[in-house]
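Biologist: Hi! Could you walk me through this structure in plain words?

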Protein chains: 2
Amino acid sequence: MNLPKPIKNLIDSFERLPGIGPKTAQRLAFYLLHVPQEMLDEFGDSLKNLKKDTVICSICFNVSESDPCPICASQNRDHSVICVVEQALDILALEKTGRFKGVYHVLGGAISPLNNIGPDELSIRQLLDRVREQESERVKEVILATNPNMEGEATAMYITNEIKKLEINELRITRLGQGLPTGGDLEYADEVTLQRAFEGRREC
Amino acid sequence: MNLPKPIKNLIDSFERLPGIGPKTAQRLAFYLLHVPQEMLDEFGDSLKNLKKDTVICSICFNVSESDPCPICASQNRDHSVICVVEQALDILALEKTGRFKGVYHVLGGAISPLNNIGPDELSIRQLLDRVREQESERVKEVILATNPNMEGEATAMYITNEIKKLEINELRITRLGQGLPTGGDLEYADEVTLQRAFEGRREC
């Protein structure tokens, strides 16, 4: 059976999304055949306007409706602590903890030679500029919150070296703690995680 | 962090889709921030036009660009055999086998008292009309291809009874074969499947 063109088009669009295979794309498209037209219009408009109504913050490279973004513009945040993340989505996760009161810096990925992503493809130079000459407040700590995988570790190591070259006094460079995830199971933890958990053990 | 409104809207739209949770919706929305605007426009348009450019075939209730649909209009299909399916998506799966040359009838679901879906919510009456007085060719067989679960079985049973009441001579009512799925593993098959496999065993 040749699928009707409008359905085929939508399936194609869904299939281009990460983690959505042909079967899921089909299921979603056929599901949408049964929703009200207004919902389709709403969905369609939110897709088309996604990038039109958002900007990238010129300070931290987070996605935002305004430039600078609300976090960079806020008086209530500690501008002397910068948390460096790979992508904007990571900020969302960190903000949910409600624990961090500093500001952020979005790298736009991690160093990954296999994917042709070197330091110049990321906003590392801009981070160094911020550390060196931030106008609002002198930076006292850079928290490297890149992912705890090979690319993230390499990126953290590279940035650490670059910041150390700036020779700024009393600047801490830290990395998020590693160990067992809460709710996890010792039995299923991998060796590296267990090793890190030993290294990071605390007095009770 | 308050998410920018355009991103929030898109996440909400994605979350309404079946099988897409909050985390996946977030990931998809942030992924789409990095695709070209043309692709977003294309995606948006295909959503908005999905229902505008499709119709429901008045004979078999399949989704189509024309009424009657290409299968119902085709001279090469055997109009004396009707395969009854729950939804249009099932036709896609069956057509991929290339094995069935008859026509279809889409019920629009299965009888499910818990979800308030009775026989009147499905296109069962129209199926009975087709069986009774199809103009093109007298119906010789009705294959009930509803899902092999409780709702599908109940629906098949209900339709069987209703068709039998019509007292049409030489009309076969069949159900798709049940047993072990190809590539499956005996060890992991449930009892009912194994029981059906025994019942449906064949001579070698």
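Modeller: Happy to: we can start with the overall build of one chain and then visit single residues. Keep in mind that this is a predicted model.

Biologist: Great. How many helices and strands does chain A have?

Modeller: Chain A has eight helices and six strands.

Biologist: What does the C-alpha trace of chain A span along its principal axes?

Modeller: About 70 × 45 × 35 Å.

Biologist: Which domains does the assignment give for chain A?

Modeller: Domain 1 covers 5–52 and domain 2 covers 69–203. The C-alpha centres of these two domains of chain A lie 35 Å apart.

Biologist: Let me switch to the surface. How much of chain A is buried?

Modeller: Buried residues are 43% of the 204 residues in chain A. The accessible surface of chain A is about 12,000 Å², and carbon and sulfur atoms hold 50% of that area.

Biologist: What about charges in chain A?

Modeller: There are 24 positive and 31 negative charges in chain A, and their mean positions are 1 Å apart.

Biologist: And the contacts in chain A: what share comes from residues 24 or more positions apart?

Modeller: If you take the contacts in chain A with a separation of 6 or more, 49% of them join residues 24 or more positions apart.

Biologist: OK, on to the backbone. Which peptide bond in chain A is cis?

Modeller: The one from Asp67(A) to Pro68(A), with omega near 0°. Pro68(A) sits in the loop between β2 (63–64) and α4 (70–73) of chain A.

Biologist: And what about the bond from Asp67(B) to Pro68(B)?

Modeller: That peptide bond is cis too, with omega near 0°. Pro68(B) is in the loop between β2 (63–64) and α4 (70–73) of chain B.

Biologist: What is the phi of Phe61(A)?

Modeller: Phe61(A) has a positive phi of about 70°, although Phe61(A) is not a glycine. Its place is the loop between β1 (55–56) and β2 of chain A.

Biologist: Why does Phe61(A) count as partly exposed?

Modeller: Because its relative accessibility is 23%, and partly exposed runs between the 20% limit for buried and the 50% limit for exposed.

Biologist: Now chain B. Is Asn116(B) buried or exposed?

Modeller: Asn116(B) is exposed, with a relative accessible area of 68%. Asn116(B) lies in the loop between β4 (102–106) and α6 (124–133) of chain B. Its phi is positive, about 60°, though Asn116(B) is not a glycine.

Biologist: Where is Val142(B)?

Modeller: Val142(B) is in strand β5 of chain B, which runs over residues 141–144. At 0% relative accessibility, Val142(B) counts as buried.

Biologist: What does Val142(B) touch, leaving out residues up to four places away in sequence?

Modeller: Its contacts include Ile82(B), Val84(B), Val131(B), Ile163(B) and Ile173(B). Val142(B) and Ile173(B) are 31 residues apart along the chain, yet their C-alpha atoms are separated by 4.9 Å.

Biologist: Back to chain A: is Leu171(A) buried or exposed?

Modeller: Leu171(A) is buried, with a relative accessible area of 16%. Leu171(A) is in the loop between α7 (150–165) and β6 of chain A.

Biologist: Which residues does Leu171(A) touch beyond four places in sequence?

Modeller: Among them are Val131(A), Val139(A), Val142(A) and Ile163(A). Asp45(A), on the other hand, is 126 residues from Leu171(A) in sequence and 46 Å from it in space, C-alpha to C-alpha.

Biologist: Last one: where is Leu180(A)?

Modeller: Leu180(A) is in the loop between β6 (172–175) and α8 (191–199) of chain A. Leu180(A) counts as partly exposed, at 39% relative accessibility. Leaving aside neighbours within four places in sequence, the contacts of Leu180(A) include Leu186(A), Ala189(A) and Leu194(A). The C-alpha atoms of Leu180(A) and Asp190(A), 10 residues apart along the chain, are separated by 9.6 Å.

Biologist: Thanks, that helps a lot!

Conventions. Residues are numbered from 1 along each chain as its sequence is written. Chains are lettered from A and ligands numbered from 1 in the order in which they are written. This is a predicted model: local features need pLDDT of at least 70, side-chain atom pairs count only at pLDDT 80 or more; totals for chains, interfaces and linings use all residues. Side-chain values use heavy atoms; hydrogens and water are left out. Helices (H or I, at least four residues) and strands (E, at least two) are DSSP runs, numbered from the N terminus. Buried means under 20% relative accessible area, exposed over 50%, partly exposed in between (1.4 Å probe, protein chains only). Contact means heavy atoms within 4.5 Å. Accessible areas come from the Shrake-Rupley method with a 1.4 Å probe; for residues, only the protein chains shown count as cover. Lys and Arg count as positive and Asp and Glu as negative; His and the chain ends are not counted. The place of a charge is taken as NZ of Lys, CZ of Arg, CG of Asp or CD of Glu. Domain bounds come from an automatic or database domain assignment.
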